[in-house]
Amino acid sequence: MEREAYERLMKGHLGDRLYRHSVGVAETAAALAVRYRGDRQRAYLAGLLHDYGKAYTREELCQKAELLGLRLDRITLAEKRLLHAPVGAALLQHELGLTDPAVLKAVAYHTTGREKMSLLEKVLYLADLIEPERDFDGVEKLREIAFTCLDAALLAAVDQTIQSVIRRGLLLHPRSIYFRNSLLASLRENGG
Ligand SMILES: [Fe+2]
Ligand SMILES: [Fe+2]
C-alpha cells in the first residue's frame, strides 16, 4: 500500500483528533530518523499507523486479541493505554496485510518500551510523546534534547511516563522499568 492510501485509511479509521496526533507522530518520527540516520519512510509509516488499535474499546481489543490467539500479560490486558499497542500491531498485520516486522515491533512496543529497542522503536516511542500537539510541563525541553541525544531524551520521556502513571494510580508495566534501566546503563557506559 502507498503512503497516501494508508493516510486515507487511517483518517477514516481514527477520526480527526487521533489522526492529527498520528500525522504529528509520523512527521516527528521521520525527522528523528533523519537526525539519527534511520529509515525516514519506515519511521513515518510507523508513526502514522501506531495508534491503529486505539480506534477500538478495551473490550473489543480483548476480543480481537483472543481471536488472534495473542498471548498478553494481565497488566497489558487491564489497560487500554497499553493494550492498543500489541493488539494494534497484530491487527495491522491481519486487517491491513502489513508485513514489515520492524514497523510491527515498533507499534507493538510503543506504549511500554522494552530492553534493547531498535532505532525505529526508540524514534516512535519518543515521537509519540513530543509531537507538536503534546502539551505537558517539560515538553519543550524534551523536544530540544530529542535532537541532541536520543537516549537522554528517551530516559526523560520514560521518567515522565512512569511519573504520570504513578500520579494517576495506573498499572505500571515492568517492561517500562527494564527499558529505563537499559537506557541508564547505556548512558553510563557512554559517559552520559
Ligand atoms: Fe498509542
Ligand atoms: Fe499515540
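Arginine 37 counts as exposed because it has 8 C-beta neighbours inside 10 Å; a residue is called exposed if 12 or fewer other C-beta atoms lie within 10 Å of its own, buried if 20 or more do, and partly exposed in between, with C-beta atoms placed from the backbone. The model is predicted: local features need pLDDT of at least 70 and side-chain atom pairs count only at pLDDT 80 or more, while totals for chains, interfaces and linings use all residues. Residues are numbered from 1 along each chain as its sequence is written, and chains are lettered from A and ligands numbered from 1 in the order in which they are written.

Arginine 37 sits in the loop that links α2 (16–35) to α3 (40–49). Helices are DSSP runs of H or I with at least four residues, strands are runs of E with at least two, and both are numbered from the N terminus. Although arginine 37 is not a glycine, its phi is positive, at about 55°.

Lysine 116 also has a positive phi, near 55°, and is a residue other than glycine. Its place is the loop between α7 (101–108) and α8 (119–130). Lysine 116 counts as exposed, because it has 9 C-beta neighbours inside 10 Å.

The axes of α8 and α9 (residues 139–146) come within 10 Å and cross at roughly 150°; axes are lines fitted to C-alpha atoms, for helices over the stretch in contact, and angles run from 0 to 180 degrees between N-to-C directions. The two helices, α8 and α9, are therefore roughly antiparallel, the word used for angles over 145 degrees. Leu126, Leu129 and Ile130 of α8 meet Val139, Leu142, Arg143 and Ala146 of α9, where contact means C-beta atoms, placed from the backbone, within 7 Å. By class, this contact has six nonpolar, no polar and one charged residues; Ala, Val, Leu, Ile, Met, Phe, Trp, Tyr, Cys and Pro count as nonpolar, Asp, Glu, Lys and Arg as charged, and the others, Gly among them, as polar.

Now the whole chain. There are 11 helices and zero strands. The chain is as compact as a globular protein of its length, because its radius of gyration is 16 Å, close to the 16 Å that the globule rule gives for 192 residues; the radius is taken over C-alpha atoms, and the rule is 2.2 Å times the number of residues to the power 0.38. Along its principal axes the C-alpha trace spans about 45 × 35 × 30 Å. Of the 192 residues, 38% are buried. Among contacts between residues at least 6 apart in sequence, 60% join residues at least 24 apart.

Key: Contact = placed C-beta atoms within 7 Å. Parallel < 35°, antiparallel > 145°, perpendicular 65-115°, else oblique.
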